[in-house]
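Please read them with the sequence and the structure open beside you.

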Amino acid sequence: MKTPRHLLALGALAVTALTLTGCNKPAATPPPAESTKPAATASPAAAAAAQPAEEPEAGQKFDTGEPKELNLFCWSEYVPQTVIDRFTKATGIKVNVENYASNEEMRTKLLAGGGQYDLIQPSEYIIEAFIKEGLLEKLDKSMLPNLKNLAPEFQHLSFDPDHDYTVPWMAGTVGIVVNTELVPDDIKGYKDVFQEKFKNKIVVLDDAREIVSWGLDTMGIPVNEMSDENLAKVKPVVAQWLPLVKVYDSDSPKTALLNGDVALGIVWSGEGALLLRQDKKFKWVLPAEGAHLFVDSLAIPKNAKHPKNAELFMNFILRPKISALISADFPYLNPNAEARKLLSAEDLANPASFPTAEEMKKLETFKDIGQQAAKIDDLITTLKVQ
Ligand code: SPD
């Protein structure tokens, strides 16, 4: 069995997952995420939850001295409009949002953009690269008192152990969704999905790094070992798979499953969790061959024009109530321990959002693979049009 090798303290995350889902113990009557009623006992969590979302933290001001503007470049289907609106209401800062559907798209636009973005939302392997390349601003921790709300396993992540550059947004996995009304088969992994009989019944993420990692997992090759030799080995596997795919979609892969356009999908866990919430006919499967655990975080690009506003936003989304609002719309693996206390028992038990301890052991995070990333993109582009 593989163990996650690239994050510190993932064992602790597994313990948390066990606490959340393994024992099937629902959280003690969690209050609704929007409640502003003070709790009877003043535990730190209750106090944090009771704080009206539009008030500054003790000792913090909402006026940063910067123009009241923030340019956020983030994944699509990830930042609820409610959260943006509440931040603007609280601070008077107008947020301009632009979306992307892959880390690679974000990287290209960021490098071409010349400082137009104040806040980006990269995943672990891109953060590793950006830090190496000096592309991120160092954070002023005095602006981020709510870092304390993070679960212990998200406090010291290997790609940025002291939050010098990043604040975790959400973590998640990539897994399989099965419409059990259309597919009665026992789907366990990638090999079960990519069968001739499912041709034109499959949606997958439009993400070269993810697709190649499924091929590597299937061959028992570690997902970060992207040598030319391994790419040559994986090519015929992926070449067999891609003609079976009907839809490539990284923005909203759930849509093709909901519409009944496809019967199977390999999608982000938050998309899977939304499907499971909506209809019991959908089943979530973490691929037996291995799966990706990603950690998406907020970071400030070098030369951002509104870095203090960006830090204010980072601290705002670390508020338990605000983070719980994000989970309400986009139920990924929430890294905020205080926010988890505000989630419903049903959401905490959603198998797509919160993997079990046993499942956590199969997960792997991605590492920066340097120049090989371009080769992967070329490989998948070529195979898609074959
Ligand atoms: N719609 C939000 C999807 C976020 C996925 N981020 C993880 C990317 C890892 N390649």
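1. A residue is called buried if 20 or more other C-beta atoms lie within 10 Å of its own, exposed if 12 or fewer do, and partly exposed in between, with C-beta atoms placed from the backbone. This is a predicted model, in which local features need pLDDT of at least 70 and side-chain atom pairs count only at pLDDT 80 or more, whereas totals for chains, interfaces and linings use all residues. Residues are numbered from 1 along each chain as its sequence is written.

2. Ser 213 is buried because 26 other C-beta atoms lie within 10 Å. Ser 213 belongs to helix α7 (residues 208-219), helices being DSSP runs of H or I of at least four residues and strands runs of E of at least two, numbered from the N terminus. Leaving aside neighbours within four places in sequence, Ser 213 is in contact (C-beta atoms, placed from the backbone, within 7 Å) with Val 223 and His 292.

3. Around the ligand stand Trp 75, Ser 76, Glu 77, Tyr 78, Asn 103, Ser 123, Asp 207, Glu 210, Trp 268, Phe 294 and Asp 296. The ligand lies between domain 1 (28-171 + 295-352) and domain 2 (172-293 + 361-384), because both give residues to the shell around it; the domain bounds come from an automatic or database domain assignment.

Conventions:
Near = placed C-beta within 6 Å. Contact = placed C-beta atoms within 7 Å.
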